[in-house]
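Could you walk me through this protein chain and how its helices pack together?

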Amino acid sequence: MTASGGVTTAWSRIRANDDVPVDIPRVPAREAAERELTKPMYHENDPNLLERALDRFWEWVGGLLDVAAGAAPGGVVGLVVIALVAAALIAALLWRLGTPRRTPSTADSLFDDVPRSASEHRAAAEAHAAAGRWNQAVQERMRAVVRALEERALLDPRPGRTADEAAAEGGRSLPGHADGLRSAAREFDEVTYGGRTADQQAYLRLRDLDLRLERAKPQLTGAAQGAAE
């Protein structure tokens with residue numbers, strides 16, 4: 001009996017030394033398990049914040065598709081058919097209306113936000129030409145041409161007007177110089193938007209046009225001729 005009791009006591013001491021309790025109450029056991037699971041070694045392969053957000057997003061999209069498929073006749077197949085029909089209708093509408101034309105924007109306008117007179121544009125053009133900056137010289141001389149037409153009331157001042165529009169409108173008042181105006185507008189567009197480099201001859205042609213336009217007399221319309229008589 002004594003030997004048996006000694007063995008039992010020794011075994012109890014060994015179990016106590018190993019820190020392995022025979023019976024642990026439920027609440028302390030749960031708390032111990034929670035503390036154990038908070039260790040970093042158990043979370044090395046957990047998804048990061050971005051991955052969790054993406055998972056939530058795709059779950060949300062999947063839920064929407066499931067709802068749409070349930071509401072559409074024929075389920076998923078019916079939803080696909082509806083999407084194809086909608087795409088076909090949009091394509092037919094675009095084909096019928098044609099490609100939307102780009103309207104002139106401030107990036108294509110002839111003048112910047114600071115209004116200047118024709119003489120100021122001419123002075124800037126000559127300064128650029130003297131420095132060999134032919135691109136800027138051509139641009140400023142074209143602006144001088146259009147501003148001079150506005151100052152002579154041959155063109156109505158209009159913000160956002162492009163060089164092509166100014167050439168077409170000016171050519172109606174000065175038909176003898178319509179070709180020159182179109183060529184000048186094309187030169188301006190190629191230098192400003194087309195990546196072309198102007199040279200001295202291009203500037204001299206534009207300056208000559210500017211000087212000839214100053215001396216040109218506008219062609220009066222029939223109503224204006226009758227009023228003048």
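This is a predicted model: local features need pLDDT of at least 70, side-chain atom pairs count only at pLDDT 80 or more; totals for chains, interfaces and linings use all residues.

Residues are numbered from 1 along each chain as its sequence is written, and side-chain values use heavy atoms, with hydrogens and water left out.

**The chain overall**

- The chain holds 10 helices and zero strands; helices (H or I, at least four residues) and strands (E, at least two) are DSSP runs, numbered from the N terminus.
- Of the 229 residues in the chain, 25% are buried, where buried means under 20% relative accessible area, exposed means over 50% and partly exposed lies in between, with a 1.4 Å probe and protein chains only.
- Among contacts between residues at least 6 apart in sequence, 60% join residues at least 24 apart; contact here means heavy atoms within 4.5 Å.

**Helix α8 by itself**

- Helix α8 has 15 residues and spans 21 Å from its first C-alpha to its last, close to the 21 Å expected at 1.5 Å a residue; the expected span is 1.5 Å times one less than the number of residues.
- Its buried residues are A178, L181, A184, A185, E187, F188, D189 and V191.
- Those buried residues of α8 pack against α6, α7 (163-173) and α9 (200-215).

**How α8 packs against α6**

- Two packed helices are described by the angle between their axes and the distance between the axes.
- Helix α6 (residues 134-151) and helix α8 (residues 178-192) pack at an angle of about 140°, with their axes 10 Å apart; axes are lines fitted to C-alpha atoms, for helices over the stretch in contact, and angles run from 0 to 180 degrees between N-to-C directions.
- That angle makes α6 oblique to α8; under 35 degrees counts as roughly parallel, over 145 as roughly antiparallel, 65 to 115 as roughly perpendicular and the rest as oblique.
- The crossing of α6 past α8 is left-handed, a term used if the near helix is turned anticlockwise from the far one by less than a right angle, with right-handed used if clockwise.
- On the α6 side the contact uses N135, V138, Q139, M142, R143 and V145, and on the α8 side L181, A184, A185, E187, F188, V191 and T192.
- By class, this contact of α6 with α8 has eight nonpolar, three polar and two charged residues; Ala, Val, Leu, Ile, Met, Phe, Trp, Tyr, Cys and Pro count as nonpolar, Asp, Glu, Lys and Arg as charged, and the others, Gly among them, as polar.

**How α8 packs against α7**

- The axes of α7 and α8 come within 9 Å and cross at roughly 175°.
- That makes α7 roughly antiparallel to α8.
- Here A163, D164, A167, G170 and G171 of α7 meet A178, L181, R182, A185, F188 and D189 of α8.
- The contact of α7 with α8 divides into six nonpolar, two polar and three charged residues.

**How α8 packs against α9**

- The axes of α8 and α9 come within 11 Å and cross at roughly 140°.
- That makes α8 oblique to α9, and α8 passes α9 in a left-handed crossing.
- G180, L181, A184 and E187 of α8 touch A202, R205, L206, L209 and L213 of α9.
- Six nonpolar, one polar and two charged residues form the contact of α8 with α9.
- A202, in helix α9, is buried, with a relative accessible area of 3%.
- Leaving out residues up to four places away in sequence, A202 touches V138 and E187; the C-alpha atoms of A202 and E187, 15 residues apart along the chain, are separated by 7.8 Å.

**Other residues to look at**

- A118 is in helix α5 (residues 118-130) and is buried, with a relative accessible area of 1%.
- Beyond its neighbours within four places in sequence, A118 is in contact with A144, R147, A148 and E151.
- E151 lies in helix α6, and its C-alpha atom is separated by 8.0 Å from that of A118, 33 residues apart along the chain.
- Most residues other than glycine have a negative phi.
- A153 has a positive phi of about 65° although it is not a glycine.
- A153 lies in the loop between α6 and α7 and counts as exposed at 62% relative accessibility.
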